[in-house]
Amino acid sequence: MQTEDGRLMAVADTRGKHRISAELKRLEQETRFLEEELDKLDKMDAASAGCKEILNNVETRPDPLLPMTNGPANPSWDRWFEGPPDKSGCRCWIL
C-alpha cells in the first residue's frame with residue numbers, strides 16, 4: 001500500500017501467516033505419514049519371497065477358466081492351420 005506522497009506503507013498480512021502455518025502443518029502431517037510408511041516397509045518381508053510363492057502356486061495349478069484338453073479338441077480344425085498337402089497344386093502358397 002502506498003501513502004499519499006508515494007512511500008510504501010507496511011501492512012500486516014495475517015492471512016499470509018495463517019496460510020503459511022496451514023501449509024506447514026500439512027507438510028508435517030505428510031512427513032509423518034511417509035515416515036510411518038517407511039517403518040511399515042522396513043518391517044515387511046522381501047517382495048521377491050512373496051512373488052516366488054505366488055508364482056509357485058500359479059504354475060502348479062491349472063487355470064479353472066480354461067478347459068483341460070490333451071491335443072486338439074476337434075482334429076478336423078487342424079487342417080485349416082496347416083499348409084496344403086501338395087503345394088504345387090495351390091497358387092496361394094507360391095511366392
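Glu-35, Glu-36, Glu-37, Asp-39 and Asp-42 come together as a patch of negative charge on the surface. Keep in mind that this is a predicted model, where local features need pLDDT of at least 70, side-chain atom pairs count only at pLDDT 80 or more, and totals for chains, interfaces and linings use all residues. Residues are numbered from 1 along each chain as its sequence is written, and side-chain values use heavy atoms, with hydrogens and water left out.

**Surface patches**
- Patch residues have over 30% relative accessible area and no salt bridge, with like charges joined within 9 Å and nonpolar side chains (Val, Leu, Ile, Met, Phe, Trp, Tyr) within 5 Å.
- Glu-37, from the negative patch, sits in helix H1 and is partly exposed at 33% relative accessible area (buried is under 20%, exposed over 50%, partly exposed in between, with a 1.4 Å probe and protein chains only).
- Leu-38, Leu-41 and Met-44 make a nonpolar patch of about 330 Å², and Leu-38 belongs to helix H1 (residues 14–43).

**Salt bridges**
- The whole structure has two salt bridges (a side-chain nitrogen of Lys or Arg within 4 Å of a carboxyl oxygen of Asp or Glu).
- Arg-26 pairs with Glu-23 at 2.7 Å, N to O, and with Glu-30 at 3.0 Å between the closest N and O atoms.
- That links Glu-23, Arg-26 and Glu-30 in a network.
- Arg-26 is partly exposed at 40% relative accessibility.

**Helix H2**
- Helices here are DSSP runs (H or I, at least four residues), numbered from the N terminus.
- H2 covers residues 47–60, and it lies largely in the open because the number of its 14 residues that are buried is zero.

Notes:
Helices (H or I, at least four residues) and strands (E, at least two) are DSSP runs, numbered from the N terminus. The expected span of a helix is 1.5 Å times one less than its number of residues. Accessible areas come from the Shrake-Rupley method with a 1.4 Å probe; for residues, only the protein chains shown count as cover. Lys and Arg count as positive and Asp and Glu as negative; His and the chain ends are not counted. The place of a charge is taken as NZ of Lys, CZ of Arg, CG of Asp or CD of Glu.
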